[in-house]
Amino acid sequence: MRIPARCLALIPVAILATVSLRGQTELPDGEGKVLLQKKCGSCHGLYKTTDDNKSEAEWGDVVYKMTGLGVQLTDEEFDTLVKYLTKNFGPKDKK
Ligand code: HEC
């Protein structure tokens, strides 16, 4: 099947639009929101943290991995973030 060139040209535009929209994802309120905005958006968009539906253990693993990449969190902040992520982007949303 041949895709017309002018359709192909629109693909990067569509991807960029999606990415930038997602970068501004409205985060649900809650303890942890500010923390997430402050700590997790600098290297990759926050969409990375909102697209996934992970269990608490999985979020724990990811946040732990991120601390290995340079994110600095106190134990308390770590817990707050994992709880926030699990509550808002947890497995309950999995279809
Ligand atoms: C120091 C830069 C940096 C910061 C700050 C950072 N990340 Fe990441 N993150 C990365 C890199 C690099 C990758 C891709 C590498 C990988 O997947 O191993 C990644 C990948 C991810 C992924 C997808 C990979 C997976 O294992 O599922 C998630 C989810 C994620 N980050 C969440 C977070 C959260 C939550 C925070 C805040 C606690 C955060 N990131 C802060 C650098 C960072």
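The shell around the ligand divides into eight nonpolar, four polar and four charged residues. In this predicted model, 16 residues surround the ligand, and the closest are Cys-40, Cys-43, Met-66, Leu-69 and Gly-70. Helix 2 (33–40), helix 3 (47–50) and helix 4 (56–68) are the elements that give two or more residues to that shell. The largest share, four residues, comes from helix 4.

**Overall fold**

- The chain contains five helices and zero strands, and its pattern along the sequence reads α-α-α-α-α.
- Of the 95 residues of the chain, 13% count as buried.
- Among contacts between residues at least 6 apart in sequence, 67% join residues that are at least 24 apart.

**Packing of helix 2 and helix 5**

- Helix 2 and helix 5 (residues 75–89) pack at an angle of about 105°, and their axes are 9 Å apart.
- Helix 2 is therefore roughly perpendicular to helix 5, because angles of 65 to 115 degrees count as roughly perpendicular.
- On the side of helix 2, the contact involves Lys-33, Leu-35 and Leu-36; on the side of helix 5, these residues meet Glu-77, Thr-80, Leu-81 and Tyr-84.
- By class, the contact of helix 2 with helix 5 has four nonpolar, one polar and two charged residues.

- Helix 4 has 13 residues and reaches 18 Å from its first C-alpha to its last, close to the 18 Å expected at 1.5 Å a residue.
- Gly-70 follows helix 4 and has a positive phi, near 130°; Gly-70 is also among the residues closest to the ligand.
- Ala-57 has its place in helix 4. Ala-57 counts as exposed because it has 10 C-beta neighbours inside 10 Å, and a residue is exposed if that number is 12 or fewer.
- The C-alpha atoms of Ala-57 and Val-82 are separated by 8.6 Å, although the two residues are 25 residues apart along the chain.
- Gln-72 is placed in the loop between helix 4 and helix 5. With 7 other C-beta atoms within 10 Å, Gln-72 is exposed.
- Gln-72 and Lys-39 are 33 residues apart along the chain, and their C-alpha atoms are separated by 7.8 Å.

**Helix 5 and its buried residues**

- Helix 5 has 15 residues and reaches 20 Å from its first C-alpha to its last, close to the 21 Å expected at 1.5 Å a residue.
- In helix 5, the residues Leu-81, Val-82, Tyr-84, Leu-85 and Thr-86 are buried. The buried residues of helix 5 pack against helix 2, helix 3 and helix 4.
- An α-helix has 3.6 residues a turn, so residues three or four places apart point the same way.
- Leu-81 and Tyr-84 are buried, and both also belong to the contact of helix 5 with helix 2.
- Thr-86 lies in helix 5. Thr-86 is buried because 20 other C-beta atoms lie within 10 Å, and a residue counts as buried at 20 or more.
- Leaving aside neighbours within four places in sequence, Thr-86 is in contact with Ser-55, Glu-56 and Trp-59.
- The C-alpha atoms of Thr-86 and Ala-57, which are 29 residues apart along the chain, are separated by 8.9 Å.

**The loop between helix 3 and helix 4**

- Asn-53 lies in the loop between helix 3 and helix 4.
- Asn-53 is partly exposed, with 17 other C-beta atoms within 10 Å.
- Asn-53 and Phe-89 are 36 residues apart along the chain, and their C-alpha atoms are separated by 5.0 Å.

Notes:
Residues are numbered from 1 along each chain as its sequence is written. This is a predicted model: local features need pLDDT of at least 70, side-chain atom pairs count only at pLDDT 80 or more; totals for chains, interfaces and linings use all residues. A residue is near a molecule or strand if its C-beta atom, placed from the backbone, lies within 6 Å of it. Ala, Val, Leu, Ile, Met, Phe, Trp, Tyr, Cys and Pro count as nonpolar, Asp, Glu, Lys and Arg as charged, and the others, Gly among them, as polar. Two residues are in contact if their C-beta atoms, placed from the backbone, lie within 7 Å. Axes are lines fitted to C-alpha atoms, for helices over the stretch in contact, and angles run from 0 to 180 degrees between N-to-C directions. Angles under 35 degrees count as roughly parallel, over 145 as roughly antiparallel, 65 to 115 as roughly perpendicular and the rest as oblique. The expected span of a helix is 1.5 Å times one less than its number of residues.
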